[in-house]
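Here is a quick tour for anyone opening this structure for the first time. Keep the 3D view handy and follow along, one heading at a time.

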Amino acid sequence: EDPKNVVVASTMLVLGLGGAAISIVNGDFSITISGMSLAAVVGILLNLCIPNNKEEKKKIESADAKKEKETIMQSKELKHPLIEHKLAILRDKKTGTKEFRELTSEVAMFLCYEAMEEAELEEVEIETPITKLKTGKLNEDKYAFVPILRAGMGMLEGITRVIPNAKIGHIGMYRDEETFEPVNYFFKVPKHIEDKEVIILGPMLATGGSAVDAIELLKSKGVKKMKFLCIIAAPEGLERVQKEHPDVQIYCAHIDDHLNENKYIVPGLGDAGDRIFGTK
Ligand code: URA
């Protein structure tokens, strides 16, 4: 398969089997090289002249590896005293449903702010009370937010407060109590989802199972650009999503310590769905 070898071998075969000959005549001296001898000489010369393909291959491979590394999006953790303060109240088991829901929504708003850091704006001209101004506006229609049911719904209110015209999809998943693997039971997303940037909402990135499944479902519908927002992430979940979908950037308010034997995040905040909806 090495083009260099193909060129050398085929040239040698054509010269050797085709009966080509070269005569060098200098006064009384003359020498004729033909057939396989000519093929061998040309083969050696070609082998020396054509650059080695292995080096080229190595260069391409290392460029590919570099490119792959660059596409592995780093997860972004919101490091801010205000976020730590909000999380302290959210984590506290004494915090009631109303406050828990409000705080989930608020933290989601900060996550959304961070996730839109590179959003492209469309140039518009407006008139302030003082002067005309060329500035940028977000085309909200280009974004779709997809909460993973049910806990993801708790983040939606905060998101729609900052991007009120974004389209909303829903992915329904529950955790199988024995295998801890996600089971998909509902999928409804806005029309032309493949043309939108999709931001998935799931407050607890624990094993990463639901996140990976949701991303795969959306990719199968043609979605090319995705982000994942969560309030708390476990290192195990982060690693899994980053490994399986390195193109999806994850934004989280905090990366916690580990998962316990029941796959709950430690220290975490308990069952986010139950706390948002007051079901326990
Ligand atoms: N889901 C939750 O709601 N909490 C966890 O700690 C893990 C998954």
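Predicted model: local features only at pLDDT ≥ 70, side-chain atom pairs only at ≥ 80, totals over all residues.

## A word on residue classes

## The cavity

Let's begin on the inside. The structure holds 1 cavity of 30 Å³ or more, and the volume of the largest cavity is about 30 Å³. Its lining is made up of L90, F100, T104, P203, M204, I231, L269, A272 and I276. Sorted by class, that lining has 8 nonpolar residues, 1 polar residue and no charged ones.

Which helices each supply at least two residues of this lining? They are α5 (97-115) and α9.

## The largest pocket

Now for the open space. The largest pocket takes in about 830 Å³ and is lined by 34 residues. If you want to find the middle of the pocket, look for A151, Y174, R175, S210 and D271, the lining residues that lie nearest its centre. By class, the pocket lining splits into 17 nonpolar, 9 polar and 8 charged residues.

Several elements each give at least two residues to the pocket lining. On the strand side these are β6 (143-149), β8 (170-175), β9 (182-188) and β11 (204-205). On the helix side they are α7 (209-220) and α9 (272-277).

## Helices α1 and α2

Next come the helix pairs. Two packed helices are described by the angle between their axes and the distance between the axes. Take helix α1 (residues 3-18) and helix α2 (residues 35-49): they pack at about 160°, and their axes are 8 Å apart. Angles over 145 degrees count as roughly antiparallel, so α1 is roughly antiparallel to α2. The crossing of α1 past α2 is right-handed.

Who touches whom? From α1 come K4, V8, T11, M12, L15 and G16, and they meet G35, M36, A39, A40, V42, G43, L46 and N47 of α2. This contact has 8 nonpolar, 5 polar and 1 charged among its residues.

## Helices α4 and α5

Helix α4 (residues 81-91) pairs with α5: their axes come within 10 Å and cross at roughly 155°. That angle makes α4 roughly antiparallel to α5. Here the crossing is left-handed. On the α4 side, the contact is made by L82, I83, K86, I89 and L90, while α5 brings E99, F100, L103, T104, E106, V107 and F110. By class, that gives 8 nonpolar, 1 polar and 3 charged residues.

## Helices α7 and α8

Are α7 and α8 roughly parallel or roughly antiparallel? Helix α8 covers residues 235-244, and α7 packs against α8 at about 25° with the axes 9 Å apart. Angles under 35 degrees count as roughly parallel, and α7 and α8 are therefore roughly parallel to each other. α7 passes α8 in a right-handed crossing.

In this pair, G209, A211, V212, I215 and E216 of α7 meet R240, V241 and E244 of α8. The contact residues divide into 4 nonpolar, 1 polar and 3 charged.

Let's finish with the backbone. Most residues other than glycine have a negative phi, and most peptide bonds are trans.

L149 and R150 are joined by a cis peptide bond, with omega about 0°, and R150 sits in the loop between β6 and α6 (153-162). The peptide bond from V266 to P267 is cis as well, with omega near 0°; P267 is in the loop between β15 (265-266) and α9. Then there is H192, which is not a glycine but has a positive phi of about 55°. You'll find H192 in the loop between β9 and β10 (197-201).

Note on methods:
Residues numbered from 1 in each chain as written. Heavy atoms only, no water. 1 Å grid on protein atoms, 1.4 Å probe; cavity = no way out; pocket = protein on both sides within 12 Å on 5 of 7 lines; lining within 4 Å. Points joined across faces, edges and corners; volume = space filled by probe spheres on them. Helix = DSSP H or I, 4+ residues; strand = E, 2+ residues; numbered from the N terminus. Nonpolar A, V, L, I, M, F, W, Y, C, P; charged D, E, K, R; others polar. Axes fitted to C-alpha atoms, helices over the stretch in contact; angles between N-to-C directions. Parallel < 35°, antiparallel > 145°, perpendicular 65-115°, else oblique. Left-handed = near helix turned anticlockwise from the far one by under 90°. Contact = heavy atoms within 4.5 Å.
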